[in-house]
Amino acid sequence: MLTALVDYNSGNLHSAHKAFERMARETGAGTIVVTSEPDVVAKADRIVLPGDGAFPACKKQLFDYTGLFEAISEAVITNGRPFMGICIGMQMMATRGLEYEDTAGFDWIGGEVVKITPSDPALKVPHMGWNNLHISNPHPVLDGVSEGDHAYFVHSYHFKATDPAHRIAHVDYGEEVTAIVARDTMIGCQFHPEKSQRAGLRIVSNFLGWKP
Amino acid sequence: MLKTRIIPCLDVADGRVVKGVNFVDLIDAGDPVESARAYDAAGADELCFLDIHATHENRGTMYDLATRTAEQCFMPLTIGGGVRTTEDVRNLLLAGADKVSFNSAAVADPDVIARAADRFGSQCIVCAIDAKTIAWDEDGTPTKWAIYTHGGRKPALDKDGHPMDAVEFAKLIESKGAGEILLTSMDRDGTRAGFNIAMTRTIADAVKIPVIASGGVGTLDHLVEGVTEGHASAVLAASIFHFGDYTIQEAKDYMASKGIPMRLT
């Protein structure tokens, strides 16, 4: 089994790579490959889209790789392969992002990526650090992750899903901030599972074994 | 609810921890990766590596260190010291850092923060500010702080030749897109007399981005004060953890007992 971590020249791939490698080794989930090649993505059984940075810059960088998004889209939408987006990789699953400018997303899960606006002005933006998950819709990738478990967040924008059924978990930060979205064979985490110690590694290993 | 972070900081030179680290059962206390693993197991919320030599030759060592640490630790890692360009940021991120901290380079050219934030996002761009008190009111409360660079050896001057004001600089680098400020009081660093609370609070209240309080921790009450009185989002300490005065868990339990939201598991 092959899991492709898509490298589109955005931020920290090393941490994600190491976390997926370790969990693949521990659970016998095959090989993890970091790639920018559409051909490799097309062959992969699972696809992970990480990403750090601003929405417009990440979108542009991804689309600068000829044929890469088309390969991801065909694997996920046409062939129903399991997909995980992390941070910006999750946000790009939305209809559009409003960071700096109005940028079209993949429109895989209806919604907008909007600035976090905590009701309490003392709350800082970015939302940075460990926050505890409130799970509203159970999901196989969250098996063994409990209500209240902590995950590591670092972001200023979040995914407001149009259909509440697509929001799997949120955290409280002066408002309800989306933590996980999911639909069909795709799931997206706003937090960094690769940096979230126990709960994060559990999510990674569950994803590697997920058969939607 | 977002939790207050405790961040142990390791001073690294030529790939080795230089302030003593005194863990029980640690095979090699001078190896940063071993120290990182011990802090990961102890439940630290993040880790900070500071490259104190920050020479060009040392760069390769830091990349290697970031790589080896990321293989072992699944918590966020900030690396700072001698970071000058967006290429430095990219290389450290690729090696395994989660956040990269600018210091002197941002004072010399605040736009480097903007370039790095535009490219990699504010979430991974930290600006370290080292500041000293330069004015007090009649009660002796500090009221003004000036920035120093180059490991605290060089006073920074504004374009009029005056000492660069730490509060104004904090607001400036926030506007350039810094995601976090690591604020070190040079008056307090190494003294174990507690954070410079007036400075921490003034700057934390002046910006929207999180401020990490640093410099001067000697007791667990100091950590509490940094948050309750200094309004810091996170507290950084070195000696009290390295020398085994307190464990991370003891610090977290104590802060929680004072009503601060902490990640206890």
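1. The second largest pocket comes to about 610 Å³. A pocket here is found on a 1 Å grid over the protein atoms alone, as an open set of points with protein on both sides within 12 Å along at least five of seven lines. Its volume is the space filled by probe spheres set on the points, with points joined across faces, edges and corners. Lining residues, those with an atom within 4 Å of a point, number 26, and Ala122(A), Leu123(A), His231(B), Ala232(B) and Ser233(B) are the closest to the centre.

2. A word on the basis of these values: this is a predicted model, where local features need pLDDT of at least 70, side-chain atom pairs count only at pLDDT 80 or more, and totals for chains, interfaces and linings use all residues. Residues are numbered from 1 along each chain as its sequence is written, chains are lettered from A and ligands numbered from 1 in the order in which they are written, and side-chain values use heavy atoms, with hydrogens and water left out.

3. Back to that pocket: helix 7 (197-206) and helix 8 (220-228) of chain B each give at least two residues to the lining of the second largest pocket. Helices (H or I, at least four residues) and strands (E, at least two) are DSSP runs numbered from the N terminus. The lining has 15 nonpolar, five polar and six charged residues; Ala, Val, Leu, Ile, Met, Phe, Trp, Tyr, Cys and Pro count as nonpolar, Asp, Glu, Lys and Arg as charged, and the others, Gly among them, as polar.

4. The largest pocket holds about 960 Å³ of space. Of its 39 lining residues, Leu50(B), Ile52(B), Asn103(B), Asp130(B) and Gly151(B) lie nearest the centre. Elements of chain B that each supply at least two lining residues include strand 1 (5-13), helix 4 (104-108) and strand 6 (125-136). By class, this lining divides into 14 nonpolar, 17 polar and eight charged residues.

5. Among the residues lining the second largest cavity are Ile7(B), Glu46(B), Cys48(B) and Leu236(B). Its lining has six nonpolar, one polar and two charged residues.

6. Glu46(B) also meets Lys99(B) in a salt bridge (3.2 Å, N to O), defined as a side-chain nitrogen of Lys or Arg within 4 Å of a carboxyl oxygen of Asp or Glu. Lys99(B) is in strand 5 and Glu46(B) in the loop between helix 1 (32-42) and strand 3 of chain B, so the pair ties together parts 53 residues apart in sequence. Over all chains, the search finds 26 salt bridges.

7. Now the interface: 38 residues of chain B contact 35 residues of chain A, contact being heavy atoms within 4.5 Å. The buried area between the chains is about 3100 Å², with carbon and sulfur atoms giving 51%; this is the accessible area (1.4 Å probe) that two parts lose on being put together, summed over both. Leu2(B), Phe74(B) and Gln123(B) supply 25% of the area that chain B buries against chain A, more than any other three residues.

8. Two salt bridges link chain B and chain A, and Asp98(B) pairs with Lys195(A) in a salt bridge at 2.9 Å, N to O. Helix 3 of chain B gives the most to the side that touches chain A, with four residues. That side has 17 nonpolar, seven polar and 14 charged residues.

How values were computed. On a 1 Å grid over the protein atoms alone, a cavity is a set of points where a 1.4 Å probe fits but cannot get out, and a pocket is an open set with protein on both sides within 12 Å along at least five of seven lines; lining residues have an atom within 4 Å of a point.
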